[in-house]
Amino acid sequence: MSTGPSDLREVFAARLRRELHGAEEHTPAVSDARRAYREAACLLTRFDPQTLRLPGEARPNGNAVLELLDDCTSGGVEGAALWSLKTDVREAALRGLADPQAARRALECNVDQLPDEPGPEQSCLAYLSGKARPARAQSADELADSLQAVLWLTHVPGMTGLPDLEELQHTLERARLLEPLERLVQESFTGRTRELGELRSLLGLPAGTAAGLRAEHTVDPGGRRSPGAPLIIYGPGGMGKSTLLAKFILDSAQHSTPGFPFAYIDFERPTLSVHEPITLIVEVARQLGVQYPSHRAEFDALGDEGQQAAGSQREGQERVTQLHRLATTRAVLGRSSSQEFQRAATERETGLIRRIADVLVRALAGAGQQDPPFLLALDSFEAAQYRGSPVLGRIWAIINTWQAIYPPMRLVVSGRAPVGHPSQTMAPLGMELRDLDPEAAVGLLEACGVTDHGVARALADRVGGHPLSLKLAARAAALAGGDTDRMGDLISSLPARRRHFFHRVDQMLVQGILYDRILNHIAHEEVRRLAHPGLVLRVITPEIIKDVLAEPCGLRVETMDDARTLFHELSRLDLVEPAGAEALRHRPDVRAIMLRLTGTDRNALTRDVEQRAIAYYAAREGVEARAEEIYHRLRLDENPRAVEERWLPGVELFLTGAQEDMGPRAAGLLTAKLGLGAQDRVMAGADQEDWERIAAQVVEDLLAQGHTQNAVIKLGERRPWTPCSPLHALLAETLNRLGRPDQARETVSKALSGVEAAGCGERRLELLLLSARLAEEAGDRESADRDLRVAEDIAVGLGQELEAMGALLARTRLAAGGDGDDDADGRLAQRLRRLPDAVLADQPVLVRAVASQIYTMDSHALDHVLDLVGLPDDEEVPDILGSAIRRAVRGEPGLMPVLMPLLGDAAVPPRGGTAPSSITEILRLAREQGNLDQLARRLLSVRDGSGLIVAGVAAAMGLGSAGRARARSGARADSDGRGTP
């Protein structure tokens, strides 16, 4: 085993300590020399002990190495060991300084130890010399250094003039809050005066006009209007939507008096998910806590509650997803569970946002602010903007709830063109970002480094006002330098401005020309040849340069060393960024521009590259390689059905978002396979089969939210459907929900004839299960049992054991009602025992439902399933178990001495916390501590003559299936016993 430099230093230190101290007892006494070196280092984050000096010393003598050996931790890089005082030693040294002047002298004599970049040491010098800038004039990083400096300097005797620590902490937190916005506007912001004015008017701020705001009739054909209508900022990529939003918030937050509360939510942040509205609520609570520190504890507590709710919702969503994986659970349980999940999630989210809004109202009153606007800004919102999105529906519910409590609340969204949703209660206003006006375009060019005003004006005249085009033009001009001829050549290479210049095709042409000009300035000819064709690849490695790019680009790359040389040269370009070890990718903004360009010669070259990429990845194993192969097949617009044959489970992880690089037909397949709702453009261009799958997802989402009439509208499109379409079953489901069960059964009957002729076994299975459910609801239990028998046989014939078990589960429940197969329970128990654990573990909801159904037939079923998948992670489980235990104890009091040790072992009260006061509270604590499954297994061994405890475990196990209603009714029946032992 090799020993690194840091290990050697530790070994050396240990030996040195033994040599210096031997067997002598360590005494608390500190020598004068040691104290002096401590004081010399106490305001240094890290230092080199070899060069540490005492005040008055002409040169270092290295004695600090011996004196501070036991007082420091070591670090640094090889060949440059850096030490840092331990916290207790540092604080003692700071308290031991004579006065602030002594602290300043100690720091100034070691100024050569200070790092090149700013740090706490520079802040200490500023405070000690009385030259520190006001906290509000410092950046977030400077404030962090100042905070550390103040924490140190407060220990120095006689130190004055320091800012209040709590106020400094608050200023830092507010600066961190604004930091993402400041990054967006790092470059000079020009133009958009009218848009900024419209935003100010929206919030009722001065110096604005509402003339530019208009209702989007495509969103709201009914013409509903409201003074609190949300605003959607939309426009093509690179137009500056996020920058405009950031500029407005920064100006308003920093310069408005007295200011107003706001929350900026960027869904590109990894801690936020547009698919989890609860994360939006948590972030709103965090940001409001920063803005109103007097109510910080309340906001933080609500944010913590939201975090806990997020975990519970993820578990609930996973249960719904599991139910939709199998036809047997999807047709019988899945859609009702989806609706229940969305309803419960909406209730919880709106309840939480209502309480946050209540705290905000009190915070505003405490701050003396009279009903200021509250701005909620949602950025990068595209992923949720499709018709019928349940995420969008839940977000609208959050917005509506907030506005009901606090009418001055205003919503601004940055995303694509507005998309309507059935949950909307008011017509959004639309602000389309278009090109900058000529003066603003010139200003942006000058802000980006084009110093010659005449050149800037000439470029703006040719380029137009698209911000991204202007930035590319500034980059091309910078590469041309001050050479008049080259600058003139650049300007003349751009097409003359036409009457309809702002068409997208013109912008693409301009951006392509500018990008080519930038590429032409790459000094290394071979790298220049690689740069543009490499854009079609999502990742570039030395091996890909050798096997995919080299030959189409006219290069001879015979060895991996040659490829690595080119790779390292390519990595120096500012057009690329790292994508892992020995991997690069083009910058997303540049790649998005160039993938849109057309041209026969260029298409021939890039098509050759993509075909070679397909061959390269097809020869490799693994889902990541298969995902890249599929990506390039779709880019070449191959037949979606042929591409689908190459699909592997797991490739979707590597293809999320790739539909943006595709044409409508290819994007349709990708969207359908990823189970996403699609924009109208994608749906219009998708193949019929892909359109049906996307439409099925939209209808599923609408039904989950209770928007049945909207589902009917979607189901009326693009008829007739293919025989194996998922829409046949959804049409029947929708008709049944509309109170038209006879039409629903007729629809299923017709669809069954079509799928049987087409040989769609899995679709036939789903329709039979739906037919059985509809028949049972109509009281035709004989037909229901017949359909279930056929469904079970089909599942067995398809070799799908889980589907067969699901069909048999439905038959056992039918038999429990007095009809059907009396031996179904026994055969279900046998099937459960026969299936391998690995197969069962993949479908926890179904397996729990089966165990809950047949536990009286198989005494080991519950225990086995508890060991395999555990109880559902559902908040109602402790209530169900608690109810069963209380009823059992009331009937047989002698059970209590047996049960109490089990309960006590499962839930240990936290130190200093309140002990649980009821059985249900004990069970909730056991769930929080991860002990509930183990407790349930022990409960199964309790000798309970009534069987209520075992039945309670079975009922809890059945949560998330049809057993939920029975479990709830049992808990309600016992509500009079709640809180009793």
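**Helix packing and salt bridges in a predicted model**

The buried residues of α6 are Pro-120, Glu-121, Ser-123, Cys-124, Leu-125, Tyr-127 and Leu-128. The model is a predicted one. Helix α6 spans residues 120–128, and seven of its nine residues are buried. The helix is thus mostly covered. Its cover includes α5 (100–108) and α7 (140–153). Just after α6, Gly-130 adopts a positive phi of about 70 degrees.

The protein chain as a whole contains 46 helices and 10 strands. Of its 981 residues, 50% are buried. Its accessible surface comes to about 44,600 Å². Carbon and sulfur atoms account for 50% of that surface. Contacts were also sorted by separation in sequence. Among those between residues at least 6 apart, 69% join residues at least 24 apart.

On the α21 side, the contact is made by Pro-542, Glu-543, Ile-545 and Lys-546. They meet Met-560, Ala-563, Arg-564, Leu-566 and Phe-567 in α22.

Side chains of opposite charge can pair when their charged atoms come close. The count of salt bridges comes to 72. One of them joins Glu-108 and Arg-104, at 2.9 Å from N to O. Both residues lie in helix α5, four residues apart, or about one turn of the helix. Glu-108 is partly exposed, at 38% relative accessible area. Arg-104 is also partly exposed, at 32%.

Arg-296 and Asp-300 form another salt bridge, with their closest N and O atoms 3.3 Å apart. Because they are four residues apart in helix α12 (residues 296–325), about one helical turn separates them. Arg-296 is partly exposed at 24% relative accessibility, and Asp-300 is partly exposed at 30%.

The side chains of Arg-612 and Glu-551 also meet in a salt bridge (3.3 Å, N to O). Arg-612 lies in helix α24 (residues 600–618) and Glu-551 in the loop between α21 and α22, so the pair ties together parts 61 residues apart in sequence. Arg-612 is partly exposed, at 25%, whereas Glu-551 is exposed, at 57%. Elsewhere, salt bridges that share partners join Asp-785, Arg-789, Glu-792, Glu-801, Arg-811, Arg-827, Arg-831 and Arg-834 into one network.

The surface also carries a nonpolar patch formed by Val-623, Leu-653 and Phe-654. Together they have about 260 Å² of accessible area. Val-623 sits in helix α25 (residues 623–635).

Conventions:
Residues are numbered from 1 along each chain as its sequence is written. This is a predicted model: local features need pLDDT of at least 70, side-chain atom pairs count only at pLDDT 80 or more; totals for chains, interfaces and linings use all residues. Side-chain values use heavy atoms; hydrogens and water are left out. Buried means under 20% relative accessible area, exposed over 50%, partly exposed in between (1.4 Å probe, protein chains only). Helices (H or I, at least four residues) and strands (E, at least two) are DSSP runs, numbered from the N terminus. Contact means heavy atoms within 4.5 Å. Patches are made of residues with over 30% relative accessible area and no salt bridge: like charges are joined within 9 Å, nonpolar side chains (Val, Leu, Ile, Met, Phe, Trp, Tyr) within 5 Å. Accessible areas come from the Shrake-Rupley method with a 1.4 Å probe; for residues, only the protein chains shown count as cover. A salt bridge is a side-chain nitrogen of Lys or Arg within 4 Å of a carboxyl oxygen of Asp or Glu.
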